[in-house]
2 protein chains.
Amino acid sequence: MPRTVDHAERRARIAEALVRVAAQEGLHAVTMRAVAAESGVSLRLVQYYFDTKEQLLLGALRHLEQQSRQRWAARVAELPSPVPPRAFVEAFLTEALPTDEQSRTFHLVGTSYAVLAMTDPSLTAEPFIANVDDLQRQLADALRQAQADGQVAAGVDVSVEAARLVTLSHGLGTSVLIGQYDVDGAMTVLRYHLDTLFRR
Amino acid sequence: MPRTVDHAERRARIAEALVRVAAQEGLHAVTMRAVAAESGVSLRLVQYYFDTKEQLLLGALRHLEQQSRQRWAARVAELPSPVPPRAFVEAFLTEALPTDEQSRTFHLVGTSYAVLAMTDPSLTAEPFIANVDDLQRQLADALRQAQADGQVAAGVDVSVEAARLVTLSHGLGTSVLIGQYDVDGAMTVLRYHLDTLFRR
DNA sequence: GCGTATCTGATACGGCGGTACCATTAAGTG
DNA sequence: CACTTAATGGTACCGCCGTATCAGATACGC
């Protein structure tokens with residue numbers, strides 16, 4: 001059996017090509033031929049590694065999620081060992097904004113998939129929700145910690161606050177993508193929000 | 001010239017059919033034939049009233065915006081004559097959530113267009129931004145009024161607060177669309193946010 | 001070495017989507 | 001009543017897309 005290249009790596013290559021196409025020309029422009037051309041392989045190869053287009057889309061989505069999670073994990077790993085709650089929250093907020101090209105791609109393609117999932121039943125929204133819920137839990141934990149440290153007022157509802165943080169950062173991310181705000185403008189709003197949360 | 005039906009009304013009919021298709025099957029499923037079938041006219045007619053597909057999409061978008069603005073204006077008109085600022089803000093927030101079918105359609109199709117505008121240069125994001133900016137200004141005005149009435153603390157930055165309101169409600173709207181929250185859950189977050197804003 | 005299973009290439013097929021073309025009807029004008 | 005112009009119907013054309021098919025190559029077990 002001529003396993004010249006690693007199967008998984010090839011799939012990853014193709015998935016990334018799809019993401020690149022989707023980021024530049026939109027998810028509607030993602031065609032098997034376009035992905036093949038972008039990844040430098042033949043149409044047949046794309047067919048071989050992902051049997052159908054639906055599989056291709058799902059595979060690329062999973063790849064994107066995994067990459068995004070890895071990036072977030074790396075970001076968290078950079079924080080000091082007893083993680084300072086406010087720094088953690090700030091890291092999340094800046095990470096949630098499309099600052100660099102990769103982040104912009106994550107947001108744009110992720111949003112495209114989310115919109116697709118609103119009408120297409122073959123694309124379950126469940127993974128999105130699970131991902132967001134996980135982040136929200138992490139934020140709530142950090143806020144609880146901050147509350148114990150006295151940096152956040154005792155009365156606040158940490159889970160609702162976490163929901164506000166996630167929703168706000170996500171909304172600002174889309175606004176930046178649309179061009180309503182630049183990154184600085186969005187950061188201003190986020191810092192303002194943080195100031196109302198901490199040290200009250 | 002057999003002007004049997006009103007030109008503008010026919011265009012509106014077709015535009016609404018497009019919105020219906022987009023809301024049910026996604027913007028990618030919008031095809032001239034599908035719109036023709038949904039509006040009960042022939043393909044040729046769609047071609048006649050909107051020369052090209054791009055024109056059709058643009059026309060439907062304009063129609064959607066106008067309808068949305070009308071709905072908001074009607075909602076505002078229902079308020080007592082010296083508009084109570086908090087009621088105004090609350091009206092905005094509940095209106096921003098996809099509570100009924102029409103509102104859901106507005107959100108879903110609007111978001112689809114916004115995502116499309118991220119990659120397609122023929123669809124300028126400018127109208128979106130202008131619309132949002134306008135709402136944001138209205139909210140800022142209401143907040144300023146509330147500040148004068150003493151319902152809102154003097155120190156707060158009304159324009160940033162307005163930005164937070166818009167972003168938060170929009171983000172919650174999409175979350176409801178995705179299925180992460182139901183309308184009640186989203187309303188809980190909004191009320192929480194309102195309570196931190198007013199009567200501080 | 002040879003067969004067999006894995007992998008890759010080229011190409012064909014059916015369908016659908018946007019657009020174009022041609023004809024026909026209906027209303028207004030002289 | 002002719003005649004022009006707006007409005008409408010039917011349908012054909014061409015391209016692209018997803019998928020299927022057929023053939024060839026490459027490496028490994030025996």
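Trainee: How much area do chain A and chain B bury between them?

Mentor: This is a predicted model, and in it chain A and chain B bury about 3,200 Å² between them. Of that area, 70% is on carbon and sulfur atoms.

Trainee: Which elements give two or more residues to the side of chain A that touches chain B?

Mentor: On chain A they are α1 (7-25), α6 (101-119), α7 (126-149), α8 (158-178) and α9 (183-197). The largest share comes from α8(A), with eleven residues.

Trainee: And by class, what is on that side of chain A?

Mentor: The side of chain A that touches chain B has 20 nonpolar, 14 polar and five charged residues.

Trainee: How many residues does the contact take from each chain?

Mentor: It takes 39 residues from chain A and 39 residues from chain B.

Trainee: How many salt bridges are there between the two chains, and how many residue pairs in polar contact?

Mentor: The count of salt bridges between chain A and chain B is zero. For polar contact, the count is ten residue pairs, with both residues at pLDDT 80 or more.

Trainee: Switching to chain A by itself. What is its secondary structure?

Mentor: Chain A has nine helices and zero strands. Its C-alpha atoms fill a box of roughly 60 × 40 × 30 Å along the principal axes.

Trainee: How much of chain A is buried?

Mentor: Buried residues make up 50% of the 200 residues in chain A. As for contacts in chain A with a separation of 6 or more, 63% are between residues 24 or more positions apart.

Trainee: Take α7(A). What span should its residues give, and how far apart are its ends?

Mentor: The 24 residues of α7(A), at 1.5 Å a residue, should span 34 Å. The end C-alpha atoms of α7(A) are 35 Å apart, so the two values agree.

Trainee: Which residues of α7(A) are buried?

Mentor: Buried residues in α7(A) include F128(A), I129(A), Q136(A), L139(A) and L143(A). A140(A), A142(A), A146(A) and Q147(A) are buried too.

Trainee: What covers them?

Mentor: The cover includes α4 (53-77), α5 (85-96), α6, α8 and α9 of chain A, together with α8 of chain B.

Trainee: What comes just after α7(A)?

Mentor: G150(A), which takes a positive phi of about 85 degrees.

Trainee: Now α8 of chain B. How many of its residues are buried?

Mentor: 19 of the 21 residues of α8(B) are buried, so the helix is mostly covered. Just after α8(B), G179(B) takes a positive phi of about 105 degrees.

Trainee: And the length of α8(B), what should it be?

Mentor: At 1.5 Å a residue, its 21 residues should span 30 Å. The end C-alpha atoms of α8(B) are 30 Å apart, which agrees.

Trainee: I clicked on S169(B). Buried or exposed?

Mentor: S169(B) is in helix α8 of chain B, and counts as buried because its relative accessibility is 1%, where the cut-off is under 20%.

Trainee: What does S169(B) touch, not counting residues up to four places away in sequence?

Mentor: S169(B) touches F92(B), L93(B), A96(B), L97(B) and L190(B).

Trainee: Last one, D184(B). Is it buried or exposed?

Mentor: D184(B), found in helix α9 (residues 183-197) of chain B, counts as exposed because its relative accessibility is 58%. Its C-alpha atom is separated by 25 Å from that of V152(B), 32 residues apart along the chain.

Terms used. Residues are numbered from 1 along each chain as its sequence is written. Chains are lettered from A and ligands numbered from 1 in the order in which they are written. This is a predicted model: local features need pLDDT of at least 70, side-chain atom pairs count only at pLDDT 80 or more; totals for chains, interfaces and linings use all residues. Side-chain values use heavy atoms; hydrogens and water are left out. Contact means heavy atoms within 4.5 Å. Buried area is the accessible area (1.4 Å probe) that two parts lose on being put together, summed over both. A salt bridge is a side-chain nitrogen of Lys or Arg within 4 Å of a carboxyl oxygen of Asp or Glu. A polar contact is a pair of N or O atoms within 3.5 Å; within protein, one must be able to donate a hydrogen and the other to accept it, and residues adjacent in sequence count only if both atoms are side-chain atoms. Helices (H or I, at least four residues) and strands (E, at least two) are DSSP runs, numbered from the N terminus. Ala, Val, Leu, Ile, Met, Phe, Trp, Tyr, Cys and Pro count as nonpolar, Asp, Glu, Lys and Arg as charged, and the others, Gly among them, as polar. The expected span of a helix is 1.5 Å times one less than its number of residues. Buried means under 20% relative accessible area, exposed over 50%, partly exposed in between (1.4 Å probe, protein chains only).
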